[in-house]
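Take a walk through one chain of this model.

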Amino acid sequence: MVRGVSLVYTAYLLLPIALLLIGSVGQSWTNSLMPSGLTARWYMDIWQDPSFRKAFVSSLLVALSACVINALLAVPLAYSLYHGAQNNGSAAARLVSAMPVAVPAVTLGFGYMIVFNSDALPWLGSMPLLIAAHAMLTLPYLTLALLADLRHQQLDKLEAAAATLGATPRQQFIGIVLPNLRQSLISGLVMVAAISVGEFNLSNLLTSFQNRTYPVVLLQAFYGATGFACAATVVLLLLASTSAFLSSALLLHNKREKLGLPV
Amino acid sequence: MSLVLSEVSYRYPGTTQGLRGVSIDVKSGELVAVMGPSGSGKSTLLKLVSGLTTGHTGRIILGGVDLAHKPVHQRNIGMVFQSYALFPHLTVLQNIGYGLKVRGLATREWQRKAHALLDTVDMAEFADRPVTQLSGGQQQRVALARALAIDPKALLLDEPLAALDATIRGHLRDQIRQIQRRFKATTLLVTHDQEEALTMADRVAVLKDGMLLQLATPKDIYNKPACKAVAEFVGLSTVLPATVVAQDRIDTGFAVLTTPTGTRSVGTSVFALIRPEHVEADPPLGTPNTMQGTTGTQRYLGASLRYDFHAEGASQPLTAQARAVAVKAVAVAPDHVCLLDF
């Protein structure tokens, strides 16, 4: 029974991907079960299409910037939430964990549109605003990953030990907290990158024509040939799954390293 | 270097738990065990001395210096945590050398000292292992070496053996004590294990509800407990309510026993404390303090037997421990009936 359900579920997940792969190399695909002909034309088209190339670069730039900003914000944020929660309840921590659910990207997007479409703050459509929005959207995920790790490892105990050994709070943070958060920071950042790369709602509302991200341009592809749309989607899929594989590979590497196994 | 706690009080915010006027003096090189049931405040005491908890009243003085406003990292007090709190991202050697490294010692210098300490705890061959690969007992020894590496002015041990198997606990107990003596470390040991406290400590402090009940040598704690709570917490015993009926005579309600009553006047209510090993089975006729009765539950302990003896007319059994079980009578020598005031 369980096996049956998981088989159906796997098919449900993989079938669209399989169809996309097939479609992306099919010459023509209209009103038939399978496309006819084999071609690499669609990938070449994407490669030669300046708007796709530009969007690809924009997406990478936005994702990378969001990662840098998040790394700088989330570590101190999670750290202070962890210590704050021990002293006076965990209202702040709960708020942060509820944020991604309570504030959907669309809400955030409309908010930004209203605020930054004014004379005082006319930044709608600018790259920095888009990056800031992506950073805001993904920050809770990274913060939560770090927070969970802080709790799991009970880093406050290690800090206490370091303190009794003479480490200043700064030395504790740099020598004890940061190295032990390395794993969750890396995997959290890969998650941030994956979310940012695939993000459509917010980007669609906030981008100008000049700095459209890949998913926004992807929508345009569906007004054209099926094969082109499929190929464009496969590229996005590759971009996102590279992140996912990278993160799991890193985690596995760290785990083996910790257990002293050959890596 | 001596450690003096004078009238130390602390209350956890929003609760009635904490410490109430605790005074303990630990002489230079002495090991004082702080013992008490959970919630007695013994861990709080350790946290206050280490500086991990702040906001006490009273004074904590180490080597003549009041620690009140000194942050943890400036106190130079070594601490071994119950969970060891070893740094998982560092090797054994790096863990031990951490305190020296943060003091700015050159790599060669701290490594030399750390190696020497590894030898002390018999773990020289583990220097480059990650600490995550060590057994509990090994982690414990690394934690001890790490705390000693900084030449601490005092050593705090928080339930150092609680997480270990009974089989290695005894061995480690001796080893810790040996090392503590060699380093002449002024030491506070917190434990809820009375055997640990009695075997390791020069003196034992018994805490309950945040108050110090007694501070004395293990022998005195066991043989001359200051009150009923200490007697009940340390070792097994039978505590019988009784009344002084004459000089050196008390009445327990089911038997009149002979015991030194000291200056207590007739009619004084007391508790009579009887340790199980002092209950003599089937004594010869005419032995003082003989009680007739029957034997109840027996527990085989290997080297001896522990059993309940129901004296005639008694409402609670007498706990006894011996090689053989009493058939119809037991006796307790007058000197072994210990009187405690209400």
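## Hairpins, a sheet and a helix pair

In the hairpin of β17(B) and β18(B), six residues lie between the strands, and G313(B) takes a positive phi near 85 degrees. Strands here are DSSP runs of E with at least two residues; helices are runs of H or I with at least four; both are numbered from the N terminus. Two strands pair if DSSP finds at least two bridges between them.

The model is predicted: local features need pLDDT of at least 70, side-chain atom pairs count only at pLDDT 80 or more, and totals for chains, interfaces and linings use all residues. Residues are numbered from 1 along each chain as its sequence is written, while chains are lettered from A and ligands numbered from 1 in the order in which they are written.

β17(B) and β18(B) (residues 318-322) run antiparallel, joined by five bridges. Y307(B) has A320(B) of β18(B) as its bridge partner.

An open sheet of four strands has the order β2-β1-β4-β5, with antiparallel pairing. Its edge strands are β2 (18-26) and β5 (65-66), each pairing on one side only. Six bridges link β1(B) (residues 3-11) to β2(B). V8(B) stands opposite V22(B) of β2(B). Helix α1 (residues 42-50) of chain B lies across β1, β2 and β4 (57-62), running at about 65 degrees to β2(B).

Next comes a helix pair. The axes of α4(B) (residues 136-149) and α5(B) (residues 166-182) come within 11 Å and cross at roughly 15 degrees. Axes are lines fitted to C-alpha atoms, for helices over the stretch in contact, and angles run from 0 to 180 degrees between N-to-C directions. The two helices are therefore roughly parallel, a label for angles under 35 degrees. The contact (C-beta atoms, placed from the backbone, within 7 Å) is made by G137(B), Q140(B) and L144(B) of α4(B) and I168(B), L172(B), I176(B) and I179(B) of α5(B).

Finally, the whole chain. Chain B has eight helices and 20 strands. Its C-alpha atoms fill a box of roughly 75 × 45 × 35 Å, taken along the principal axes.

How values were computed
Contact = placed C-beta atoms within 7 Å. Parallel < 35°, antiparallel > 145°, perpendicular 65-115°, else oblique.
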